[in-house]
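Here's a quick tour for anyone meeting this structure for the first time. Keep the 3D view open and click along as you read.

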Amino acid sequence: VSESSLSRLVLPQCMLNLTMTSASVVQVDTTSRSVNTSSAVTLMVRDGRHRWRVASKVVEIRVVASRRPVITILTRESALTRVDGRKEVTIEANVMLRPASSAAGALTASWSLLSSTMADPSVSLVGMTKDNRTSLSWVPSTSSSSSSSSLTSMLVSLQLRAQALQSGGYYLFRLACEEATADVAVTVNAVPFGGVVTVSPRTGRTLETSFSMSALNWQDVDGDYPLNYEFGTGESADGTGSVTWVSIPSVTSQWFIANVLLPPGLSAPSFMLPIRCVVTDALDGTGMAYGNATVKPMNGSLTDARTIEKMIAMVANVSASSSTVAFQQVANVMAALYRRELPSFSAASTGSLSQSLVLASTLVSYVNASL
């Protein structure tokens, strides 16, 4: 009957770590100091009843340098937690090996996608990368001047393109080189979702009707509150159909704004004006919602001197009696009007052009006064 009273064998002169895992099993662990060394391990078995009966066996253990490459993920875990899926994400790793112990010829380190909660099964990892590359091959240095314990290493990066990672997703990537592997997880910040944008009233006239806008029912599953709201209107002055978004000046970034003056809709006869709300969480993740309103143009042409005089008076009145934000809204609307009707000034009279310059000067002077 064998016995052992030690769960841990303390051998100061031995470069191995020996652990009794059971009454008859000893686990041998190597250390960095034990590479290229030999150790003699003596196993003694004693009779439990007759303690003078002892048998022993000496085993020589030689530790050599591992052939397995060592993979180290260099990118910090915190940098891969709740990342912004709209931006590029880079995972850097180092593959290190001993040239004298490595396999002959070129080595290849390859990335793969092990699992994901969000990815489309039909989308390959290559399609998610910025440079369409998921592996790197190289020939390790094996010059005679290198000692058997010298190391060579190679930086292997995985560059994921912007928009490749879906909101709220979890991705598990693996880097493999020969029989060595290393796994790294990436989580994506969940952006605000589920909300809508509304405009009231649904129909009005530019520079005359006061509109209000609301962004309702927005949520963030990660709890990255508070949410910030930015409302804007769409413009298409180049005739290509593409929309440029212009922010509506507001004192705060709350879900509701009132008493807003809007530029006219994009084209007759519907004069439909696109409306957008961008909702941003505490980690800069953004969600968007779109709406529209019918905003008819003002009575009178911008090439008409009386219309321009009316606009000059409106600027002066708003600047004297309202807040800076209200004035900025009026200035934005007038700027939009002039951007859209700029071609019509080719046939405008000298008087209307002169009046327009007066309006521009008035706007500039009141803008400077409000700063």
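The peptide bond that joins Tyr225 to Pro226 is cis, with omega at about 5 degrees. Keep in mind that everything here comes from a predicted model.

There's another cis peptide bond to look at, this one between Ser200 and Pro201, where omega is about -5 degrees. To find Pro201, go to the loop between strand S13 (196-200) and strand S14.

## Residues with a positive phi

Next up are some backbone angles. Asn132 has a phi near 55 degrees, which is a positive value in a residue other than glycine. Look for Asn132 in the loop between helix H1 (125-128) and strand S9 (135-138). Its relative accessible area is 55%, so Asn132 counts as exposed, the cut-off being over 50%.

Leu207 also has a positive phi, near 65 degrees, and it isn't a glycine either. Leu207 lies in the loop between S14 and S15. Is Leu207 buried or exposed? With a relative accessibility of 8%, Leu207 counts as buried, because buried means under 20%.

## Strand S20 and its partners

As one spot to check, Pro274 has Asn292 in S20 as its bridge partner. S19 and S20 form a hairpin with five residues between the strands, and in that hairpin Asp284 takes a positive phi near 75 degrees. While you're looking at strands, here's a handy rule: in a regular strand the side chains alternate between the two faces of the sheet.

## Salt bridges

A search of the whole structure turns up six salt bridges. Asp284 is partly exposed, at 41% relative accessibility. Arg86 is partly exposed too, with a relative accessible area of 30%.

Arg86 also forms a salt bridge with Asp84, and there the closest N and O atoms are 2.7 Å apart. Asp84 has a relative accessible area of 17%, so it falls under the 20% cut-off and counts as buried.

Elsewhere, Arg174 and Asp183 form a salt bridge with their closest N and O atoms 2.6 Å apart. Arg174 is partly exposed at 28% relative accessibility, and Asp183 is partly exposed with a relative accessible area of 38%. Then there's a network: salt bridges that share partners join Arg82, Asp222 and Asp224.

## The cavity

Last stop: the inside. The structure holds one cavity of 30 Å³ or more. The space in the largest cavity comes to about 110 Å³. It is lined by 15 residues, and the closest to its centre are Thr233, Ile248, Pro263, Asn332 and Val333.

H3 gives the largest share of the lining, with five residues. Sorted by class, the lining of the largest cavity has nine nonpolar, four polar and two charged residues.

Definitions and conventions: Residues numbered from 1 in each chain as written. Predicted model: local features only at pLDDT ≥ 70, side-chain atom pairs only at ≥ 80, totals over all residues. Heavy atoms only, no water. Salt bridge = Lys/Arg side-chain N within 4 Å of Asp/Glu carboxyl O. Buried < 20%, exposed > 50% of the residue type's maximum accessible area, 1.4 Å probe, protein only. 1 Å grid on protein atoms, 1.4 Å probe; cavity = no way out; pocket = protein on both sides within 12 Å on 5 of 7 lines; lining within 4 Å. Points joined across faces, edges and corners; volume = space filled by probe spheres on them. Helix = DSSP H or I, 4+ residues; strand = E, 2+ residues; numbered from the N terminus. Nonpolar A, V, L, I, M, F, W, Y, C, P; charged D, E, K, R; others polar. Pairing = 2+ DSSP bridges.
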